[in-house]
Amino acid sequence: MTGQPPAADPAEVLSVEDLNVRLGGRPILQDVSFTMREGEFTGLIGANGAGKTTLLKVILGLQPPTSGTVRVAGQSRTRRAGLVGYVPQKIGLDPDMPLRARDLVGLGLDGQRLGLPLPSARRRKLVDEMLAAVGAERFADSRVGNLSGGEQQRVMIAHALISRPRLLLLDEPLANLDIASEQDVVSLLGQVTREQGVAVLISAHDMNPLLPVMDRIVYLAGGRAATGTTDEVVRTDVLSDLYGQHVDVIRVHDRILVVAGQSGGTRVPPPSADAPAGPCEDEPQPDPHLAESASP
Amino acid sequence: MTHLLHLIIEPGFFGNAPVRSALVAGGLVAVVSGIVGSFAVLRGQSYAGHALADISVAGGSASFLAGVSPLWGFAGVGVLAAGVMDMIGVQRPRGRDLATGIVRGAGLGLGALFLYWDTTHTSTTGATITILFGSLFTISSSLIPVIALFSALALGIVLVLYRPLLLSSAAAELAAARGISVRLIGVLCLIAIALTVSLSALTIGAILSTALLIGPAATGLRLTSRPGLAMVWAALIGVAATWLGVLLAYDSYYWPPGRHGWPVSFFVVTLILVFYLLSPRPVRRVPG
C-alpha cells in the first residue's frame, strides 16, 4: 500500500475520457471512457485488432490521442513516465545478450538514469526483494534470453514493478504461455495487485484465465468500449450493442464464451435477443475457438 | 632466463620510441573498441560499424590530399555518415541494412576517387597502404593527445548513457515506456561507433578496423552473463591482441621473406580470431 489507510473509496489512478484515436484516417478508438482505482485489476478484452495495444500506448504517452484526455494519477502526458509500469507484448530477447534477470530488474529501478550503476547494498536488496516477490530467485542469475516464456514474463513484471508505479500495463502477457504458466502469471498478478496496491490493466483476447482475479472489464470491439464489472459488461444485450450485431454470451461451468449469433449456420441456435446472461439452456455446443474469434 | 626472454622480446623493444607510441595508442584504441564495440554487437550494428569503417576511407584519403593526419578525415567523415545513416532510417530494423548499404556504397566511391588522386597527384602508394592497413608504428607522439581526446569522447558517450543504452539495446519498447528517447540514444551510439572506428582505422587500418570493434566484443559476450564484465573482457582481449601484435611485428623484422617485418595489423587481426575461437561457447539453459 502507499501509506494511506485503506479508504472506502481508493484513489483514482487512471481516468480516460472521451478518448478518440485515428491512425491514417481510420478510427481505432472511439469515445472510450473509463477509470481505474488503486488496487483494482482490470481486464482489457477484445479480439486482435480491436485497439487494445493502441489504448495501452496512449496511456503510456507513446501515442498522442486525436481527442480526449488521459490522466494517470492526475498527471497529463509529459509527467507520466515514472507512474506507469509497462510489460510489452512478446519481446524476443536475444539469448546471446549478456543480461541476467537481475540486470533487467535493476534497469527497471534506474534504467533511465545517466552514468554507470554503482554497486550498492540498497540497490541489490531492492532487486533481490523484487525477484523474490515474483518468484524469480531460481533464475535470477541466468541470461534473460535463455528463460522460458513464463519465466521471462515474471522478470518483465519485476522490471515494471520495482520502481513502484501506480499503474501497471500488460499487453497480452498470457499469449504464447502454456496453461500452467498462464495460471501462475495470473495468480502472481492478482497477488501483487493486492500487496502493492497498484492498479493493473491487462490486455487479453480471452477473458477466461483472468476471471478469478478481474475486478472490472474494459471490453473493446470495433474501437468502442463497454466498461464495468464482468457481470455488467459480459451480457448478451451489452455486447450485442457493442458489436452492432447479435452475439450470445454463454456460460459453461466457470467459462464465458462470446459467440457470434448470426453465423447463419446450424451450430448456434438463434436465441431471443434479451436472453438473460445465465447458464444456457439450449444445447450450445460451445466451440472454444469461437470465444477467441468473437469479432463480427 | 634472460636469454629466453630476449628470444620473445627483442632487446630494445621498450626503448624504441615508435614502439612506445604504438603500445600507448594501440592500447587506448583497443580499450575504446572493446567497450564501444560491445554495444555495437549488442545492438546488432556490426554491419553499420563495418560500413562506417569503409566509408572512413574517403575521409582518410582526403586527409592525405589536405596534408593532415588521416585521423581527422576518418573521424569527420565517419560522424557525418552516422548522421546520414540515421536520417535515412538506420533506427528501423528493416531500414537499417538498406541505409547502411546505400551510405557505404557512396562513401566507398568517394574513397576510390580520393585514393586515385592520392596516388596520381602525390605519386605515393604509401597513402593507400596506410589508410587501408593502418600505421601503428608511424603514429607520431604529437598525435597521441588527439587520440586520447577522441577516445574520451567515444567512451564518454557510452559510459554516460550506459543504462539507457543497455535497456534500449535489450528491448527498445521497455526503454521507450520509461520516457527514454530511443532515437537520440541510437544516434549518439552510432556517433560513438564512428569515432571508435576512426581510431582503429588509424591503428590497424580502415579495412581491418571492424575486426577490433567486433572481435573482442563478441568474445567478451561469450565469457560472462554480466553486461559490464563482458565489456571489461572485450577491452582486455583487445589490448592483449594489440600488444602481442606489436611485439610479434617487432620480432618479425628478422623473419622471411625479407628484412622489412610483417604488418602489425596482420598479427592483431589474427590474434583476435584466435581468442574468439578459443573462447568457450556460453552454456545454454534448455527452457522447461
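Predicted model: local features only at pLDDT ≥ 70, side-chain atom pairs only at ≥ 80, totals over all residues.
Me: How far apart in space are B:Leu80 and B:Leu23, C-alpha to C-alpha?
Reply: Along the sequence, B:Leu80 and B:Leu23 are 57 residues apart. In space, taken from C-alpha to C-alpha, the separation of B:Leu80 and B:Leu23 is 29 Å.

Me: Which word describes the direction of α4(B) relative to α10(B)?
Reply: Two packed helices are described by the angle between their axes and the distance between the axes. Helix α4 (residues 70–88) and helix α10 (residues 182–204) of chain B have axes 8 Å apart, at an angle of about 155°. Because angles over 145 degrees count as roughly antiparallel, the direction of α4(B) relative to α10(B) is roughly antiparallel.

Me: How many nonpolar residues are in the contact of α4(B) with α10(B)?
Reply: The crossing of these two helices, α4(B) and α10(B), is right-handed. Among the residues that make the contact are B:Phe74 and B:Met85 of α4(B), together with B:Leu190 and B:Ile191 of α10(B). Divided by class, the contact has three polar residues and one charged, while the number of nonpolar residues is 16.

Me: Which word describes the direction of α8(B) relative to α10(B)?
Reply: The axes of α8(B) and α10(B) come within 10 Å and cross at roughly 105°. In this contact, B:Pro164, B:Leu165 and B:Ser168 of α8(B) meet B:Val182, B:Ile185 and B:Cys189 of α10(B), and by class these residues are five nonpolar, one polar and no charged. Because angles of 65 to 115 degrees count in this class, α8(B) relative to α10(B) is roughly perpendicular.

Me: Which element gives the largest share of the side of chain B that touches chain A?
Reply: Between the chains, 29 residues of chain B are in contact with 30 residues of chain A. The elements of chain B that give two or more residues to this side are α7, α8, α9 and α12, and the residues of the side divide into 19 nonpolar, four polar and six charged. The largest share, six residues, comes from α8(B).

Me: Which strands stand at the edges of the open sheet of six strands in chain A?
Reply: The order of the strands in this sheet is β5-β6-β7-β3-β8-β9, with mixed pairing, and the twist averages 15° from one strand to the next. One of the pairings joins β5(A) to β6(A) in the parallel sense over four bridges, where A:Gly85 has A:Leu168 as its bridge partner. The edge strands each have a single partner strand, so one side of each is left without a neighbour in the sheet, and these strands are β5 and β9.

Note on methods:
Residues numbered from 1 in each chain as written. Chains lettered and ligands numbered in written order. Axes fitted to C-alpha atoms, helices over the stretch in contact; angles between N-to-C directions. Parallel < 35°, antiparallel > 145°, perpendicular 65-115°, else oblique. Left-handed = near helix turned anticlockwise from the far one by under 90°. Contact = placed C-beta atoms within 7 Å. Nonpolar A, V, L, I, M, F, W, Y, C, P; charged D, E, K, R; others polar. Pairing = 2+ DSSP bridges.
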